[in-house]
Amino acid sequence: MRKILIVGAGQSGLQLALGLQSSGYEVTLMSNRTADEIRAGRVMSTQCMFHTALQHERDLGLDFWESQAPRIEGLGVSVAAPDSSRAIDWVGRLDGFAQSVDQRVKMAGWMETFAQRGGQLVIHGAAVGDLDYFSRSYDLVLVAAGKGELVSMFGRDETRSPYSEPQRALAVAYVHGLGPRPEHPDFDAVRCNVVPGVGELFVMPTLTTGGRADILFWEGVPGGPVDAFKGVKDPAEHLSLTLELMERFTPWEYARATRVELTDAGGTLAGRYAPTVRNPIGRLPGGGLVLGVADVVVANDPITGQGSNSASKCAAAYLAAIVEQGDKPFDEEWMRSTFDRYWRTAQHVTKWTNAMLAPPPEHVLNLLGAAGQLQPVADRFANGFNDPSDFENFFFDPEKTNAYLASVSGA
């Protein structure tokens, strides 16, 4: 039986560990926190997982919360006018529903399942020196911990990383008590509110430790009015600031948020990071090689909601590559080809996300405007969140955009 070590117990690390476990591998999983510590801790992210990523979980029988989490059936876009009205406002319907499960719920539950199924769970914050020691006992070491010392083993890929600084300041609040969107009270949707030159407010339904909730997520342009959360430690102050900014820049969302309260004391998060693609292979001091997983090697800004989706797709690609390798060595050539397999989908996410961080060109504004008049355009844009490769066909190139809009208008 081949022995595999996975460091990091997030979406990708746990999904991969449970998938390998069910395929008969001897898996050791290292986490810097216990399941109880994760469940009782601070929120770790926003996450809206679309159909393909959810299907990867279903394929492994890991969709434990599907019947409890809200079914997200649409994705809407609003663009603020200078007077704080909405210049653009529409919602596209998803072909397959999306869902959001607070990672405190999911990661704690998956970690307990891994241990119950006989997996070796080690609670230890691993350093490079630890991996150097452990690597001699395993056929393959995978690093799925996207923060801290271990990431430094994976060099930045300059050719795929156009940004050297964070492009948004991020601020998250999980709340109870948000009212329905009057435009679609009969179904749940993620709402993306664009405030040109200021940032974006995302609103998404979720399942958290206390049941159904909603996430209010500001992405502020650095140095702008929404870049205001640095140093805010008090959760109540964080929520108050979130709502003040909503009232000022997205009054249509604030109107349904006047009675919200935080889900729990750990329901806020703020920070920033530079979107970065890294070389997938890390070299240990003793000469061993480790393979980076998900946002260790491809970290995109959350503006397109792809983090947990990419992590799920990466875990699925790596699982297939490991199983297909059989008893052959997990050497450097295999590691490169395994990452390349993931990059075939990840490259589209990176290109689209980096484009969305820049001010939109005229043809993209035309596309967003047309979606408000032509439902097929709104639906196609919404479903691009599940399959970002489709944006190549109608988003980046003005000629392709114009041809697509002409074809829909003509039809």
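Strand S6 and strand S15 (residues 289-292) run in the parallel sense, pairing over 2 bridges; two strands count as paired if DSSP finds at least two bridges between them. Helices (H or I, at least four residues) and strands (E, at least two) are DSSP runs numbered from the N terminus. This is a predicted model, in which local features need pLDDT of at least 70 and side-chain atom pairs count only at pLDDT 80 or more, while totals for chains, interfaces and linings use all residues. Residues are numbered from 1 along each chain as its sequence is written, and side-chain values use heavy atoms, with hydrogens and water left out.

Welcome, and here is a tour by topic.

**The sheet**

- S6 and S15 belong to an open sheet of 6 strands with mixed pairing, in the order S5-S2-S1-S6-S15-S14.
- Strand S5 (120-123) and strand S14 (281-283) are the edges, each with a single partner strand, so one side of each has no neighbour in the sheet.
- On average, neighbouring strands of this sheet are turned by 25° against each other, direction ignored.
- On the S14 side, S14 and S15 pair in the antiparallel sense over 3 bridges, and Ile 281 stands opposite Leu 291.
- S14 and S15 form a hairpin with 5 residues between them, and Gly 287 in the turn has a positive phi of about 100°.
- Strand S1 (residues 3-7) pairs with strand S2 (residues 26-31) in the parallel sense over 5 bridges, with Ile 6 placed opposite Leu 29 of S2.
- S1 is mostly covered, as 4 of its 5 residues are buried; buried means under 20% relative accessible area, exposed means over 50%, and partly exposed lies in between (1.4 Å probe, protein chains only).

**Helices on the sheet**

- Helix H1 (residues 11-22) lies across S1, S2 and strand S6 (140-143), and runs at about 160° to S2.
- Helix H4 (residues 103-116) also packs on the sheet, where H4 touches S2 and S5, and its direction makes about 130° with that of S5.
- For these angles, axes are lines fitted to C-alpha atoms, for helices over the stretch in contact, and the angles run from 0 to 180 degrees between N-to-C directions.

- Thr 28 sits in strand S2 and is buried, with a relative accessible area of 8%.
- Beyond its neighbours within four places in sequence, Thr 28 is in contact with Ile 4, Leu 5, Ile 6, Gln 120, Val 122 and Tyr 138, where contact means heavy atoms within 4.5 Å.
- Thr 28 and Leu 284 are 256 residues apart along the chain, and their C-alpha atoms are separated by 19 Å.
- Gln 15 has its place in helix H1 and is buried at a relative accessible area of 2%.
- With neighbours within four places left aside, the contacts of Gln 15 include His 56, Glu 57, Trp 110, Ser 312 and Ala 316.

**Helix pairs**

- Two packed helices are described by the angle between their axes and the distance between the axes.
- Helix H3 (residues 51-59) and helix H8 (residues 307-325) have axes that come within 9 Å and cross at roughly 45°.
- That angle makes H3 oblique to H8: under 35 degrees counts as roughly parallel, over 145 as roughly antiparallel, 65 to 115 as roughly perpendicular, and the rest as oblique.
- H3 passes H8 in a left-handed crossing, a term for a near helix turned anticlockwise from the far one by less than a right angle, with clockwise being right-handed.
- Thr 52, Ala 53 and His 56 of H3 meet Asn 309, Ser 312, Lys 313 and Ala 316 of H8.
- The axes of helix H11 (residues 375-383) and helix H12 (residues 398-410) come within 9 Å and cross at roughly 135°, which makes H11 oblique to H12.
- Pro 376, Val 377 and Arg 380 of H11 make the contact with Tyr 404, Leu 405 and Val 408 of H12.

**Loop residues with positive phi**

- Ser 84 is not a glycine, yet has a positive phi of about 70°.
- Ser 84 lies in the loop between strand S3 (72-80) and strand S4 (86-98), and counts as partly exposed at 22% relative accessibility.
- Ala 294, also a residue other than glycine, has a positive phi near 55°.
- The loop between S15 and strand S16 (298-299) holds Ala 294, which counts as buried at 4% relative accessibility.
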